[in-house]
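Please read them with the structure open.

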Amino acid sequence: MRRLLLLIGLLLPALWPAMAMGVDVRDGDLLFVTAGHGGLSAAIDDATGKQGAPSFDHVALVAPAPQGWEVLHADEKGSRRQTLEQFREDAKGKQRQIVVYRLRAPPDNAIADAVATARTMLGKPYNTTYVLNDDSYYCSDFIERAFRAHHVFALQPMNFRNPQTGEISRHWVDLYRGMGMEVPQGLPGTNPNDMAAAPVLQRIGVLE
């Protein structure tokens, strides 16, 4: 009995942060961050948001760490790791919600392989063009690559047009003009909204 109580006492500090957030976070969970109302976030929502569903502009992968959980992801600071608490505080500071999704029936070793692959991609810069390459990544690209060996997520033609109007927002036109490029409409890619809607995922809940 003393050994059992000691074991519980050792485990509780590691489990408490996730429990306190209201969701039992697990290895391999995906964290989708709700979209903002301006700039790049709004442009992503304009082109990829789905009526009647939450709109997301970022996605990240939960992985085990010595002191609890860490988050592996690609954002404007590059492909990097953060503690789960740091990631949560960043979203809270931007007044965003984090919604947890989980693979319904992951293939054998898919999660362990995805985490291992994601760790090999850390340190690469952010892909500001969203045109796939092996030297830089954007958020959903990072996640698709992490799971690619197990064919969990599929690439699809990228869309920069508003689904209702068919127009490409000024944000995208100006962004690509500044890089000397045409908007890469139709090239293969991914986005957080389509990824969240993939049938292989189930919604678990919101981190408080």
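1. Just after helix α3, Q95 adopts a positive phi of about 60 degrees. This is a predicted model, in which local features need pLDDT of at least 70 and side-chain atom pairs count only at pLDDT 80 or more, while totals for chains, interfaces and linings use all residues. Residues are numbered from 1 along each chain as its sequence is written, and side-chain values use heavy atoms, with hydrogens and water left out.

2. Helix α3 itself spans residues 84-93, and L84, F87, R88 and A91 in it are buried (under 20% relative accessible area, with a 1.4 Å probe and protein chains only). These residues lie on the same side of α3, because they cover an arc of only 100 degrees around the axis, taken from the directions from the helix axis to the C-beta atoms. The buried residues of α3 pack against β1 (30-34), β2 (56-65), β3 (68-75), β4 (78-83), β5 (98-103) and β8, where contact means heavy atoms within 4.5 Å.

3. E208 is placed in the segment after β8 (201-207), and it counts as exposed because its relative accessibility is 59%, exposed meaning over 50%. The C-alpha atoms of E208 and K92 are separated by 9.3 Å, although the two residues are 116 apart along the chain.

4. The axes of α4 (residues 110-120) and α5 (residues 139-147), come within 7 Å and cross at roughly 125 degrees, the axes being lines fitted to C-alpha atoms over the stretch in contact and the angles running from 0 to 180 degrees between N-to-C directions. The two helices are therefore oblique to each other, a class left over once angles under 35 degrees (roughly parallel), over 145 (roughly antiparallel) and 65 to 115 (roughly perpendicular) are set aside.

Conventions. Helix = DSSP H or I, 4+ residues; strand = E, 2+ residues; numbered from the N terminus.
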